Each structure stands twice: as C-alpha cells, then as structure tokens.
Amino acid sequence: MTALTGSLRRRLFGRSADQDRAEVPVADLATVTGDDVAPVDIAPNDPLLAYLQSASGAVDVTALELDSPALAALKETGVRLAVPLVSQGELIGVLNLGPRRSEQEYSSDDRKLLENLAAQAAPALRVGQLVREQQAEAATRQRFEQELEVARLIQQNFLPKQLPDLPGWQVSAYYRPAREVGGDFYDVIPLPGGRVGFVIGDVTDKGVPAALVMAATRSVLRASAQRLVEPGAVLELVNEHLVPDMPEKMFVTCLYGVLEPETGRFRFANAGHDLPYVKTGGGSAELRARGMPLGLMPGMTYEESETVLAPGESLLLHSDGVVEAHSPDGAMFGFPRLKEAVATYPGGGELIDRVLDDLHEHTGPDAEQEDDITMMTLARTARGSSSDGDPTAQLVEFEVPSAEGNERLALARVSAIVGDLGMAPERLRRLETAVGEATMNAMEHGNRYDPELPVVVRVLTGHDRVTVQIVDHGGGLTDPTPVEPDLDAKLNGLQSPRGWGLFLIKNMVDDARETVDGRDHTLELVMHLGGPAEQAETASTEDGEVPR
C-alpha cells in the first residue's frame, strides 16, 4: 500500500499476494509486501491518475487499456489488481496486488474484501500523511527561522555601533528589520579632512542572500570611499565590483553622500534609492541625483548633486519601508505624507520619532511590518544665545499643549535629550523636577490651561552647560514684585501657595532667570554638565542669600 502526494511525480508501489485466499482468507490480502516489486513513477498528466480517481472499486490492471506509460510500467512489474484509496474525494494512495500464488484469479469476494479494506485504510493513511506533512512543514519553518536569524546577525553586525559626535550637528538613525529580513543598511564613514560619509541602501530580495549582498556592498563602499573623493566616482567603482558576482534578479539601491561639518555642504550621488528630503525654513524639498541601482549593468555613471544645510536645517535619508507601509484598507503611507512630515515636524531624532508615530497610526496597532524600516537624519543645530548673551547651540524646540498632566511630556523629552550629554544622574533628576514644575506653572498661570496656547520648550547647550527655556504667554500677567516664600507665614495661613513653585525651581538648578518680552514670559533654567562652579552660586532675597 502506497500513499500519493501532491508533488509533480506520484509513486505507486507494487504488491504480491503471499497465500491462496481459499486456504487462508485474510492472510492473502493482509500480509502483502512490496519487497520484490520496483516502484513505478507516474507523471502528473498521466491518464492513469484520473482513471484511478474516478474508479468505484478495484481495477483489473491487466484488462485496462490506456495510453499511459505508468500503466505499462505496472503491467511490466506484474501488478494484477489496483485498489484506489480515496479520502474525502481525493486519491491518496493505491493498494497494488500481484498474481496470486495459487495462480487463480481474484474473485468477487476478494474484490469486496479489498474495497472494504481500502475504505478503512484510506482515513488512517490520510492521517499519517498529514502528520508527515506537518513534520516536514515544522522542519522547513525551523530552517527558515534559522536562516532569518543568520540574516539578522549579519545585518546587525555590519550596522554602525555608534554614531559620530559632530560639534554643531545631531546625527540620529533608526533601523527596525521586518520579520522576513530584507536588505536595508546604513553606514557612517569617517573620511580625511574631517569629512564624514553617510550611506543608506536597500538590497532586493530577503533573508541570507540579501544580507550577504548587503555585507559585500558595505565593505566595497567603505574601501572605495577612502580612495576616492567624489560620491559619484565611489558608486561607479562599487558598481563595477558588484556586477560580476551579483545573484540573478538582485540589485542594490544606494545613496552615498559626503558632509563637510564646518560648512554644512552635503554632496551626494544616488543609485536608484528613495530621494532624501531637506527641511528648510520654508518647508521641505527633495534632493535629486540620477543613477541606476548597483549591480545591474557595468559602465554606469552617477550624477552628483549638493546642498548646504544652514543652521536649523536637517536632512532625512530613508528606505522604502517607510513610504510603502500599508494601512488596513491597503493605502500606502506615501512620499507626499513623508515630505509633509519633514516640513512640519522638528528635525533630527524628533523627526524620526514623529514619523514612527504616524506610521503606527497609519498601519494600525496589530499590523505586521512588511519591510525593513531605516531612517537617518543629519540636523545642523541652530545658533542661539542664552539670556546672558553667551553663545549656545539649540538642540531642540518643541511645543506642549496646555493641558493638565502634559508637564510629563516636557519632562520626558528634555530628559531624553539631556541624558545623552553626560550629565550626572542626580543632577539630571533635579533638572527634570525643575522642568516639570516650570512647565506646569507655565500652563496653569501663564496660559491659563488654554489649549490654543501651547508652552514652548527649547533645549540649548554651550560652555559645558545645558539651558532649558520654557516660554508661556503670561508676559502681561507676571507679578513684578513676587512675594518671597515664608514657611512660617504659609503654615499660619498668612501666605498663599503662589511663588513656592518658582522657589523650588530655583533651588533645583544652578541658575534660573525670568524675562518678559511683551506677551511672552520665559523662564530659563541653567544646569552645568560637570556640576556647579567651584564657588556656589547664590540667589538674592530680601532676607539674605539662598545657596543653590
């Protein structure tokens, strides 16, 4: 008895009877073996398959006439009787019997017994087939998961371990692989003369092949970037190296650009990758440079283009996993929406966070990620100054709606930014407390919890210190002669709680200053990164000085 599978070639195995049914009725059918009969291959289009599928019982092979190579092979092996095994209308096996040793023909009783046996054996055989199929599928899934893990390890090993610390710049990157690992990659390459190379790319296909091509592309590109100056020439050389060994139907899209941090000049070439976006004071713009993907054809040239990023401007490099993410109804996130996000949101790492939030909202909370998502931003910090005139670099500016509890949003954002600057944990906690209290005061007393009046928060750095500016619209409401908090007076009910928040804030930070410019009221909090100065700063009061 032999099972049939859904493969392109199906097998029937011959059987021979051991004993004469007249002497031992059951043994003649139950103890058949195929040890002396060779297997027979049946092509998917062989008419014998259709005949056995439609047969109502045992089939006399010797009397059957079909233009069938398989039937001829069965006759040559000595098969006399074939009993189809059918389960739920599907032919799943055939019970083949050779000539009886008694040399008598199979009787009608033999045929009925065989048909009853087939009816009982077919379901059991189908269960066995399903078990084998599940085992095979489990083994395939395990191999597939192992390949995916290898691909992930390859990708993660070749991604930058850390991003460069460029004075006056904020470099941020995000990479999240899909379940079926694709070929996204990015890289940062230190170059002579203080220049820095930035790479983002995507390899067609998925899994280990894509990861190996990604690794090869990165290695060749890094080596070429050290030898050649112009981005277009680098991509030309990389393409010539990849073409001979590129697997069939695979190629690499790649953008390679060189940044001069001192001038903000960014010169790049593009090998068929998604266009980068630059955020300017007037919105956002695409940066174009033509070129074929890497690895398709030899002899390609790559157009170069450049832009100069002014203070406050930023650049977004991204992969197609962002714009090609689909909503539950099949709509893509799309290039226009990403371009609008660049124009609307702040640059740098905050832009990445905002785009990821939009993607999550677009795809839905339970959506499986379709493709790798990679983003990299280069943000040139805006020049600014603190209220005492010292030069600073603005790291970020954001707004917080005036609503109860939103001080936690400001606190978290400031903490995430300042935490990367090396401030001691205890001092960072003090700054967090001051920012939370100041933002709450700004929303409550400055903006009167008006949702149309947001609180503006700026984070600046310079001269080994961090400055946080919190701006509300209560400039006309500020009391020019605030009452100094008096604990005894407050305990005796002689003083309101007003003023205690500012008193707390000023004792949490190294320095705190208030300024009013028309409608705007600004509270500036200063905290030194390396700790307070050698001589403790003090705040003047009517009764004396309070050390900070």
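**Basis of the entries**

I worked from a predicted model, in which local features need pLDDT of at least 70 and side-chain atom pairs count only at pLDDT 80 or more, while totals for chains, interfaces and linings use all residues. Residues are numbered from 1 along each chain as its sequence is written, and side-chain values use heavy atoms, with hydrogens and water left out.

I placed Arg448 in the loop between H11 and strand S19 (455–462). Helices (H or I, at least four residues) and strands (E, at least two) are DSSP runs, numbered from the N terminus. The phi of Arg448 is near 55°, which is positive in a residue other than glycine. I then turned to Tyr449, which lies in the loop between H11 and S19. Tyr449 is not a glycine, yet its phi is positive, at about 55°. I noted Tyr449 as partly exposed, with a relative accessible area of 26%.

**The chain as a whole**

I recorded 13 helices and 24 strands for the chain. Of its 548 residues, 46% count as buried. The accessible surface comes to about 27,500 Å², and 51% of this belongs to carbon and sulfur atoms; the areas come from the Shrake-Rupley method with a 1.4 Å probe, and for residues only the protein chains shown count as cover. Among contacts (heavy atoms within 4.5 Å), I looked at those in the chain with a separation of 6 or more, and 65% of them join residues 24 or more positions apart.

**Sheet S8-S9-S10-S11-S14**

I traced an open sheet of five strands in the order S8-S9-S10-S11-S14, with antiparallel pairing. Two strands pair if DSSP finds at least two bridges between them. Strand S8 (185–190) and strand S14 (304–308) stand at the edges with a single partner strand each, so one side of each has no neighbour in the sheet. From one strand to the next the twist averages 20°. I followed S8 to strand S9 (residues 196–203), with which S8 pairs in the antiparallel sense over six bridges. Ile189 stands opposite Gly197 in S9.

I also noted the helices on this sheet. Helix H5 (residues 207–227) lies across S8, S9 and strand S10 (252–260), at about 20° to S8. Helix H6 (residues 231–242) lies across S10, strand S11 (265–271) and S14, at about 30° to S11. Axes are lines fitted to C-alpha atoms, for helices over the stretch in contact, and angles run from 0 to 180 degrees between N-to-C directions.

**Sheet S7-S16-S15-S12-S13**

I found a further open sheet of five strands, antiparallel in its pairing, in the order S7-S16-S15-S12-S13. Strand S7 (169–176) and strand S13 (283–286) are its edge strands, each pairing on one side only. Strand S12 (residues 277–280) and strand S15 (residues 314–318) pair in the antiparallel sense over three bridges. Within this sheet Lys279 stands opposite Ser314 in S15. H8 packs on the sheet and touches S12, S13 and S15, its direction making about 30° with that of S12. H9 likewise packs on the sheet, touching S7, S15 and strand S16 (373–380), and its direction makes about 145° with that of S16.

Is Ser314 buried or exposed? I found Ser314 buried, with a relative accessible area of 3%. Leaving aside neighbours within four places in sequence, Ser314 is in contact with residues including Tyr277, Lys279, Gly347 and Leu378.

**Helix pairs**

I looked up how H8 packs with H9. Helix H8 (residues 335–344) and helix H9 (residues 349–363) pack at an angle of about 145°, and their axes are 10 Å apart. Arg337, Leu338, Ala341 and Val342 in H8 meet Leu351, Val355, Asp358 and His362 in H9. These residues divide into five nonpolar, one polar and two charged; Ala, Val, Leu, Ile, Met, Phe, Trp, Tyr, Cys and Pro count as nonpolar, Asp, Glu, Lys and Arg as charged, and the others, Gly among them, as polar.

The axes of helix H10 (residues 407–418) and helix H11 (residues 425–446) come within 8 Å and cross at roughly 145°. Among the residues making the contact are Leu411 and Val414 of H10 and Leu431 and Val435 of H11. I recorded nine nonpolar, three polar and two charged residues in the contact of H10 with H11.

Notes. Buried means under 20% relative accessible area, exposed over 50%, partly exposed in between (1.4 Å probe, protein chains only).
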